[in-house]
Amino acid sequence: MTYRTLGELRADLQARLGMGAQGASAGASQTLMNSFLRNGQTQLYRAQDWKHLIDYCDKTLGVDQNTLDYPTTGTFNAASSAARDRRIIRLETVYNNQWRRVPEGIATEDWSTMDRKSYPIRFDRYAQVLIYPKANQVYTVRFWFVADLAPFTQDTDRASLDDEMILLHAVTNG
């Protein structure tokens with residue numbers, strides 16, 4: 001599905017708020033209208049895990065390693081990234097030829113044995129993803145994530161989410 005652009009949504013928003021007949025003076029409200037639309041998309045984005053934005057990326061965890069960067073590319077869509085918003089849904093790894101979920105939350109007592117070596121057991125989100133314990137061999141770690149929103153600042157930028165929901169949100173705020 002192709003969503004409308006920021007410029008198209010702004011024109012609809014101005015009309016629905018009774019500002020469609022402003023003509024040349026409509027530029028004065030452009031910043032406010034764009035703000036309503038961008039804010040609406042951002043709030044909707046944070047409200048749920050949007051299925052069409054879910055992607056995954058496999059990363060390699062090396063021997064004696066226990067930190068990984070957030071994904072900057074996706075598998076379904078190479079432009080997908082989780083580097084900005086870091087909306088990781090789950091981590092998985094292959095252990096004994098079987099994909100297994102790596103639960104989130106490193107326990108306090110595990111910090112005392114962080115240098116222990118084994119397969120990935122738990123993880124936490126910090127500036128990087130921290131995996132407990134350190135890897136005893138090379139592992140593939142699959143990051144499932146909700147991709148960051150595409151830019152939505154220029155008139156030609158397309159909405160990343162359902163444009164009708166964004167418009168409804170913006171009208172309500174306006």
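This is a predicted model: local features need pLDDT of at least 70, side-chain atom pairs count only at pLDDT 80 or more; totals for chains, interfaces and linings use all residues.
Local features need pLDDT of at least 70 and side-chain atom pairs pLDDT 80 or more, while totals for chains, interfaces and linings use all residues. Residues are numbered from 1 along each chain as its sequence is written, and side-chain values use heavy atoms, without hydrogens and water.

**Exercise 1.** Find which residues of helix α3 are buried, and how they are arranged.

*Solution.* Helices here are DSSP runs of H or I with at least four residues, strands are runs of E with at least two, and both are numbered from the N terminus. Buried means under 20% relative accessible area, exposed over 50%, and partly exposed in between (1.4 Å probe, protein chains only). In α3 (residues 163-173), D163, I166, L167, H169 and A170 are buried. Their directions fall within an arc of 160° seen down the axis, so they line one face of the helix; the arc is taken from the helix axis to the C-beta atoms. The face turned away from the buried side carries exposed L168 and T172.

**Exercise 2.** Determine what surrounds the side chain of D55.

*Solution.* First, D55 belongs to strand β1 (residues 54-61). Last, beyond neighbours within four places in sequence, the contacts of D55 (heavy atoms within 4.5 Å) include F76, F143 and W144.
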